[in-house]
Amino acid sequence: MAAGTDIGEEHLVETEHRVTPLELFFDLVFVFALTQVTTLMARESSWADLGRGMLMLIALWWAWAAYAWLTNTIDPDEGRARIAMFVSMTAMLIAALAAPDAFADYGVLFACAYFVVRVMHIVVYAEATGDIAIHEAALRLARTAVPAPALLIVAALLDSPAREIVWIVALTIDLAGPYVFGIRGLTVHPAHFAERFGLVVIIALGESIVAIGVGAEGTSLSVGVVVAAVLGVVVSAALWWSYFDVVAVVAERRFRRMRGYAQVRLARDSYAYLHLPMIAGIVLLALGIKKTVGHYDEPLEAVPALGLLGGIALYYTGHVGFRLRNLGSLNRQRLLIAIVCLALMPLAVEIDALISLAIAAALTGGLVAYEAIRFAESRARIRGPEADAMTAP
C-alpha cells in the first residue's frame, strides 16, 4: 500500500488489495440514491417518471463507477485523499436527497451537487498520483466529465421537454468520454475492481429486498402479501445466484489473466458499461416488486409490469453482453429468458400481480435450476482452483 500524507504524493497501489471500509462507507450513499430513483419512478408510475428515473440512474451510476476507478488506482485512506472522498460523499448525499425532485423544484440543487461530485473525482484523480500517464488520462477524461455535469445545471433552468433533452445530451457526452478520448494510461487492479463491482450488484439487489418492505407498508400481512414477499425474495435470490455462482468467478479470472491496455479496456467495457443494464434491470425489478406487494390482487399497470418483467429481461441482457465481451460466446438460455419476459409483458397487465410475480419467480428460479443441473460438471471446474474461464456454461 502506498504511503504518504499529501494528495500530490504517490498513491498508486502496487499490489492487489481488498475493498476498504471507506469505499463501503461511500457506497452507503449510493444505496440511498438507488432508493431515491425507485421513489421517483414509483411516485405516479408514469412513462415520464420512468424515463426520468432511468436518466437519473445513469447519472448516478456513472458517478459511482468513476469513483470505483479512482479508488482502484489510489489509496483513499491516505492523507488529503480521504478528506476529498468525504467531500464527494457529502455532495453525492445532497444529490440523492434532491433526486426525486431533480426534474422539478430541486433541479438546480441536484445539478450543483452532482457537478461537485464529478469535478472532485477529476481533481483527485489528476493530483493523487505522481504517475504522469494517469495524470494525463484524467485530464483527457475531464473534457467530457466536467462539461457534461455542467449541462445538467443548464437543464435545471429549462422546462420539460427541453430539460430532459439536455439531460440526454449531457449523459451521452459523459458516457462517450472514455471511448472518444480513450483510457490509455489508466491502470486497474483486477481482483479489487471485480470485487468492487460485485458488491454494487449486491447493493442493487438489496434495493429489491427493501422494495418488498416498502410495498408492504400500510397493508395487513395477509396471505397474499406474505406470498408476494416470498416470491420477491426468490426472484432476487435467483438473480444473485445467476451472477455470483459462475459469472463473477469467470469474469474475474479472465480479467486477472489480461495485461496492459487490453485489461483496462476490458474493465471499461465489462464493468463500467455492461454492468449498467444489470443495475438498471434490478432497479426496475424493485419498482415492479414494490407495486406487486402493495396490490398483489390487482393487475399491474403498464410501467410496473415493465419494471417486473422488463427489469429481469434487461438484467439478463446485461449478462449476455458481459459474456460476449469476456468470452466471445452467447449465453442462449439467459437470452431466451429475457425474450420470454418481454413477450409476457402484455399478459402482466391483464392478470393479478401476484401471478405475474410467480411467473417471474418460476422463470428465474427455473433458469438457475437448469444451469445447475445442465452444467454441473463444468460449473465444478469453473469454481475449482484450476478453473479455465473458457469452460463457462
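**Reading the model**

Biologist: Where is the place of Ala302?
Modeller: Ala302 is in helix H12. A helix here is a DSSP run (H or I) of at least four residues, a strand (E) one of at least two, and they are numbered from the N terminus. Residues are numbered from 1 along each chain as its sequence is written. This is a predicted model, where local features need pLDDT of at least 70 and side-chain atom pairs count only at pLDDT 80 or more, while totals for chains, interfaces and linings use all residues; side-chain values use heavy atoms, with hydrogens and water left out.

Biologist: Why does Ala302 count as partly exposed?
Modeller: Ala302 counts as partly exposed because its relative accessibility is 36%. Buried means under 20% relative accessible area, exposed over 50%, and partly exposed in between (1.4 Å probe, protein chains only).

Biologist: How many residues apart in sequence are Ala302 and Glu350, and how far in space?
Modeller: They are 48 residues apart in sequence, with 9.9 Å from C-alpha to C-alpha.

Biologist: Which residues form the negative surface patch?
Modeller: Asp297, Glu298, Glu301 and Asp352 form that patch. Patches take residues with over 30% relative accessible area and no salt bridge, joining like charges within 9 Å and nonpolar side chains (Val, Leu, Ile, Met, Phe, Trp, Tyr) within 5 Å. Asp and Glu count as negative.

Biologist: Where is Asp297 placed?
Modeller: Asp297 belongs to the loop between helix H11 (275-294) and helix H12 (302-327). With 47% relative accessibility, Asp297 is partly exposed.

Biologist: Changing topic: which residues make the nonpolar surface patch?
Modeller: Phe25, Leu28, Val31, Ile83, Phe86, Val87 and Val116 make a patch of about 550 Å². H1 and H3 each contribute at least two of the residues.

Biologist: Where is the place of Phe86?
Modeller: Phe86 is in helix H3, and at 32% relative accessibility Phe86 is partly exposed.

Biologist: How many salt bridges does the count come to?
Modeller: The count comes to 11 salt bridges. The rule asks for a side-chain nitrogen of Lys or Arg within 4 Å of a carboxyl oxygen of Asp or Glu. In general, side chains of opposite charge can pair when their charged atoms come close.

Biologist: What do the side chains of Arg43 and Asp101 meet in?
Modeller: Arg43 and Asp101 form a salt bridge at 3.2 Å, N to O. The pair links distant parts of the chain, 58 residues apart: Arg43 is in the loop between H1 and H2, and Asp101 is in the loop between helix H3 (79-98) and helix H4 (107-127).

Biologist: Are Arg43 and Asp101 buried or partly exposed?
Modeller: Arg43 is partly exposed at 43%, and Asp101 is partly exposed at 28%.

Biologist: What separates Glu252 and Arg256 in helix H9?
Modeller: Glu252 and Arg256 are 4 residues apart in helix H9 (residues 223-257), so about one helical turn separates them. Their side chains meet in a salt bridge of 3.4 Å, N to O. Glu252 is partly exposed at 25%, as is Arg256 at 39%.

Biologist: Which residues do salt bridges that share partners join into one network?
Modeller: Asp49, Arg52, Arg163 and Glu164 are joined that way. Within that group, Arg163 and Glu164 have their closest N and O atoms 3.2 Å apart, and both residues are buried.

Biologist: Now the backbone. Which residues does a cis peptide bond join?
Modeller: Ser160 and Pro161 are joined by a cis peptide bond, with omega about 5 degrees. Pro161 is in the loop between helix H6 (147-156) and helix H7 (162-180). Most residues other than glycine have a negative phi, and most peptide bonds are trans.

Biologist: Which residue has a positive phi although it is not a glycine?
Modeller: Ser45 does, at about 50 degrees. Ser45 is in the loop between helix H1 (21-42) and helix H2 (47-73), and is buried with a relative accessible area of 9%.

Biologist: Is Tyr125 buried or exposed?
Modeller: Tyr125, in helix H4, is buried at 1%.

Biologist: Finally, how many disulfides does the structure hold?
Modeller: The structure holds 0 disulfides, a disulfide being a pair of cysteine sulfur atoms within 2.5 Å. Cys112 is partly exposed at 36%, whereas Cys341 is buried at 0%.

Key. Accessible areas come from the Shrake-Rupley method with a 1.4 Å probe; for residues, only the protein chains shown count as cover. The place of a charge is taken as NZ of Lys, CZ of Arg, CG of Asp or CD of Glu.
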